[in-house]
Amino acid sequence: MAKEGSGFILQFAPFQSSVDEGFWHRLSSLKLNKFGIDDSPIPISGFYAPCSHPQVSNHLTLLDESLPSDLNEESAVPAIIRGNRNRCAVPGILYNSNTMESFHALDKQGLLKEEAKKIWEDIQSGKAVEDCAVLSRFLLISFADLKNWSFHYWFAFPALALDPPATLVDLRPASEWFTLQEAESVSAECNKWRNSSETADVPFFLVSIGSDSCAAVRLLKDLEACQLDGQKLLFAFYDPCHLPNNPGWPLRNFLALISARWNLKTVRFLCYRENRGFSDLSLSLVGEALITVPQGWREHQSVPNAVGWELNKGRKIPRCINLAKSMDPTRLAISAADLNLKLMRWRALPSLNLDILFSIKCLLLGAGTLGCQVARMLMAWGVRKITLLDNGRVAMSNPLRQSLYTLDDCLNGGDFKATAAVRSLQRIFPAVEAEGVVMAIPMPGHPVSSQEEKSVLEDCRRLGDLIDSHDIVFLLTDTRESRWLPTLLCANSNKITITSALGFDSFLVMRHGPGPFNSTHGLTAEMTNSLSAGVDNLALTNTDGGHRLGCYFCNDVVAPTDSTSNRTLDQQCTVTRPGLAPIASALAVELLVGILHHPHGIFAEAEIANSNNGGSSELPLGILPHQIRGSLPHFQQMTLVGHSSNSCTACCSTVVSEYRKRGMQFILQTINHPTYLEDLTGLTELMRSANSFQLDWDDEIEDGDDECTQL
């Protein structure tokens, strides 16, 4: 504190500014589309709140909504919603120059004095008592270089200068100034004031304390009601400053109001500050200052001198920010899309791994009702790299149920779903790295002629390459047999695989367990084949010895075969209740996110709802189930566990070993011979044994025999 006479000059911590990128983006849009070369001053609003951290001051912030919403009217002003405790609106004015030369040529001192005059007139007229936010009026000058996306700007926070300056008598933490009972009452009343929608954003107010130590918080216009005998009176304000020895900038014009309006010479003030949204009297300050009313203030002869241009690293120069990257619409879309995910990490989910979500590559087999929904859910979780595979075209019946398509995609015979879906994803989010693959998946039970063999085998190789080049595979196709080859290939390469399947009013979402040779993953084919003799001992267990989770086919006792021939129209189409696909798709993506954040990943054990095994249920994302089965008629879903089968036609060691030995010839045989897989896995023998098994019932029940046998 600077010393003057017998006391110290009261010194204030300057306001600090902060401009959100959205403000510049909106200003750029308005400049291009509405302002043109019109450089008339623009009314804007800034926002600030009481200091809420003992080591960090709050800034006056400009957001995109700081600019007017409707500039077709000459008197347009920003549409501000009042009552937000974290956004005390402050009126301001923006002078946006057309050139850098005109920006530098602005009469800065004249503009500052003009804004100070508005504050002075508001004090003299009494408007500052009715709407105290005008005491913190601010000024912003700028030049927007839209070619290079750089912005030059300078803030001023006009403050009327007291002459002579106010002298500080006392300044200490409020907790030391109040008695314990007074402190409790002041805190309670201030919290009420801050929690009321009518007063939460009123930054200047009165605090009176009666002889009974009970406090009351009132508006400035109620000053007379507070000036009773025996009452302590404090002029309080929301202090954005955190410093322990200096009040914030808003107090300057508050003292000018007190001096000019009420002719008070001794002023007790409360610098109101908070911690975690509640009054903090150890951080707040109470001070006492002596004011001498300057000559001429009473007669309103002239506008007081004003100061207030913001310093830039201690110098009186403007600031410059280059937003060439962030102002690009695609980059801005990325920033906006990531906002929700980044906010999750603040409190709700600090362990959220955005890097892995941004980097993983997802392959979606099927671009129909499920594929469209899964793709959008993946983007919402921050997944950037998505490939959709489908050989169908968009039909007139699709757009209502398949969210990525419109009527235009159906015209002229319909676009391929894979390419139309990619176009739609890029329109929704330009930064997505989406690829469409038009290809049919070879299926067992759908024989091919010798002329078609080369093309089918090429499709098999291409599908294998796609699976190898992606981290995650979603099985979202319409038929059971179309899921077989991807399941086999994923089991062979140990890929994270998610299946989602729909009935009319029920659904299944499941994650496939690791492949049967996961413990030898990464070995060459020759080394793997040399271990085939002992592979049965490893096929049903994870690397940690746990039982391996099953795949989509593990519970079947028949091989997949042709399910599309000789079917009526309702059997050919996926006839489901419309609400089913969004539910199943969302669960499929949430299941993936759970796998990615589980410490054991694909090897994670399965949990069921209300299980007490104390596993991943303690993780932030909750349990990690194996299967989720839902029923719309009962509005119910349940979590189940299904372990792998040593007779599975898709993922058992026998099938995967045969594929590794024979390759494409093995696949071709399964396509052309429907019973081959059943013969290979022993299902044929199992069914033969089941058919020959006869159970003889004993019709005679011995007396007193109350036992029964359940099969």
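User: What is the accessible surface of the chain, and what share belongs to carbon and sulfur atoms?

Analyst: It comes to about 34,700 Å², with 50% belonging to carbon and sulfur atoms. The method is Shrake-Rupley with a 1.4 Å probe. This is a predicted model: local features need pLDDT of at least 70, side-chain atom pairs count only at pLDDT 80 or more, and totals for chains, interfaces and linings use all residues. Residues are numbered from 1 along each chain as its sequence is written, and side-chain values use heavy atoms, without hydrogens and water.

User: Why are α14 and α18 called roughly perpendicular to each other?

Analyst: The axes of α14 (residues 484–493) and α18 (residues 653–662) cross at roughly 85° and come within 10 Å. Roughly perpendicular covers 65 to 115 degrees. α14 and α18 therefore count as roughly perpendicular.

User: Which residues make the contact of α14 with α18?

Analyst: Leu488, Leu489, Ala491 and Asn492 of α14 meet Val655, Val656, Tyr659 and Arg660 of α18. Contact means heavy atoms within 4.5 Å. By class, the contact has 6 nonpolar, 1 polar and 1 charged residues. Tyr and Ala count as nonpolar, Arg as charged.

User: Where do α13 and α19 cross, and what is the handedness?

Analyst: The axes of α13 (residues 453–468) and α19 (residues 664–672) come within 11 Å and cross at roughly 115°. The crossing is right-handed. Residues in the contact include Glu453 and Arg461 of α13, and Met664 and Asn672 of α19. The classes are 7 nonpolar, 1 polar and 2 charged.

User: What fraction of the chain counts as buried?

Analyst: Of 711 residues, 50% count as buried, meaning under 20% relative accessible area.

Terms used
Axes fitted to C-alpha atoms, helices over the stretch in contact; angles between N-to-C directions. Helix = DSSP H or I, 4+ residues; strand = E, 2+ residues; numbered from the N terminus. Left-handed = near helix turned anticlockwise from the far one by under 90°. Parallel < 35°, antiparallel > 145°, perpendicular 65-115°, else oblique. Buried < 20%, exposed > 50% of the residue type's maximum accessible area, 1.4 Å probe, protein only.
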